[in-house]
Amino acid sequence: MGEAPRRAGYLAQAWLVVVLALLYGGGLAAVETLVGGRIAENRRQETYAAIPYLVPGADPGHTGELLLVGDDGRETKVYQAVGPAGEHLGWVVPASGQGFGGAIEVLVGLDAELGTITGLYVLEQRETPGLGDHIRGDAFRSQFRGRPAEVPLSVVKLEAEAEHEIRAITGATISSESVANIVNQALANLRGPLARQAGGGG
Amino acid sequence: MRHEGPTALERFVNGVLPENPVYRQLLGMCPTLAVTGAMKPAMTMAAATAFVLISANLLVSAIRGLLKPHLRILVFTLTIATFVTVADRFLAAYMYEMSKQLGPYVPLIIVNCVIISRCEICASKQGVGVALADALGMSLGFALALASIATVREILGSASWFGLPVLPASWPGWGIMVLPPGAFVTLGLLLGTAEWASKRRATTGIWATVRGLWSWRR
């Protein structure tokens with residue numbers, strides 16, 4: 001049997017799958033066009049609602065947004081947390097990376113001097129329900145508050161002793177380490193640009 | 001060559017109780033256990049599953065003449081995954097909080113065997129009308145099953161139903177009922193009750209079953 005008839009045979013078998021895949025792809029693109037903006041707006045509102053938690057005392061209404069080019073050459077939108085009287089209190093930096101069950105997206109709060117982490121909020125995660133999804137819980141997230149922002153965080157399985165240590169969630173070491181790595185990478189990537197912003201009078 | 005199967009009415013009625021997806025077929029156990037801690041997430045899940053089941057059944061039934069036997073499962077999965085993605089995006093757009101609460105369980109509707117089994121058993125063999133009735137019956141049966149478990153768990157665990165307080169404030173709230181063990185215990189007891197009732201009805205009729213339940217309660 002020649003190459004051409006065999007290929008025609010495949011197509012005769014599979015044309016329905018191909019046509020359906022194209023139709024469904026088009027349909028999903030239409031759905032995304034229809035509701036994508038609304039989902040983005042929901043996420044923006046969630047981010048703004050989290051800002052007073054991430055940088056204590058910040059007023060979401062005064063928050064400034066700016067695009068910074070990180071050391072990896074990519075643009076990232078960061079939020080400048082401002083108090084009710086207009087004083088610069090700190091920064092909120094989005095960070096994302098691979099977790100155990102899928103992508104994890106977090107927001108990291110930093111003080112104005114970029115010396116201390118002031119809070120952590122999990123926007124998106126697909127970790128194992130009942131184990132890894134405890135990264136959303138306050139018990140895990142509150143550990144990040146007050147940690148140094150210059151030293152990379154490390155995850156330990158027992159009681160955290162050093163200042164830069166985060167205690168892993170039992171049964172979810174990979175999820176815990178993923179969050180710490182995501183925070184470390186984002187801080188390393190954006191520390192320089194943020195410092196230039198702050199130094200340049202922001 | 002025409003396949004003669006159950007009529008639309010039979011398909012609908014069977015889905016609700018006689019072939020209830022949870023209590024009789026033991027399908028869709030993952031959402032049954034995972035999102036029945038309270039009525040609101042359970043009913044959102046039931047509605048999303050119903051949307052996917054009805055859409056997939058209608059579409060598969062409409063193209064059933066074109067299906068190739070060895071590629072049909074691929075077509076079912078592709079169809080189901082598409083409608084699940086649609087449901088997921090609409091939940092994220094219009095019910096953002098609920099969408100976050102349900103988390104990975106909405107995408108997991110793709111692997112809910114209730115849906116692919118209806119595509120295989122009914123929609124790929126029977127007409128659009130019967131497939132619609134089948135999907136409606138199964139969706140209703142699935143919703144009733146989730147509601148029964150969520151009712152027990154939310155009332156005993158949180159003293160509320162659909163978020164409204166139904167038990168006196170002195171009720172301590174059995175925390176375990178909201179947690180995963182409560183799901184297993186409730187499902188096991190309700191499954192046992194359903195099995196016992198159907199056995200008894202088969203031998204002694206419905207009134208004897210009701211009397212039996214009553215005497216056992218006393």
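Helix α4 of chain B (residues 72-94) comprises 23 residues and extends 33 Å from its first C-alpha to its last, close to the 33 Å expected at 1.5 Å a residue, the expected span of a helix being 1.5 Å times one less than its number of residues. The model is predicted, so that local features need a pLDDT of at least 70 and side-chain atom pairs count only at pLDDT 80 or more, whereas totals for chains, interfaces and linings use all residues. Residues are numbered from 1 along each chain as its sequence is written, while chains are lettered from A and ligands numbered from 1 in the order in which they are written. Helices (H or I, at least four residues) and strands (E, at least two) are DSSP runs numbered from the N terminus.

The buried residues of α4(B) include B:V75, B:F76, B:T79, B:I80, B:F83 and B:R89, a residue being buried if 20 or more other C-beta atoms, placed from the backbone, lie within 10 Å of its own, exposed if 12 or fewer do, and partly exposed in between. An α-helix has 3.6 residues a turn, so residues three or four places apart point the same way. In helix α7 of chain B (residues 128-158), the 31 residues should span 45 Å at 1.5 Å a residue, and the end C-alpha atoms are 42 Å apart, which agrees. Just after α7(B), B:A159 adopts a positive phi of about 60 degrees. Helix α6 of chain B (residues 113-123) contains B:I121, which is partly exposed, with 15 other C-beta atoms within 10 Å; the C-alpha atoms of B:I121 and B:A81, 40 residues apart along the chain, are separated by 19 Å.

Chain B as a whole has 10 helices and two strands, arranged along the sequence as α-α-α-α-α-α-α-β-β-α-α-α. The radius of gyration of chain B, taken over C-alpha atoms, is 19 Å, close to the 17 Å that the globule rule (2.2 Å times the number of residues to the power 0.38) gives for 218 residues, so chain B is as compact as a globular protein of that length. Of these 218 residues, 37% count as buried, and the C-alpha trace spans about 60 × 50 × 25 Å along its principal axes.

Chain A has three helices and seven strands, which run α-β-β-β-β-β-α-β-β-α from the N terminus on. The radius of gyration of chain A is 22 Å, well over the 17 Å that the globule rule gives for 202 residues, so chain A is more spread out than a compact globule. Along its principal axes the C-alpha trace of chain A spans about 75 × 40 × 30 Å, and 28% of its 202 residues count as buried. The mean pLDDT of chain A (the predictor's confidence in each residue, from 0 to 100) is 89, with 96% of the residues scoring at least 70.
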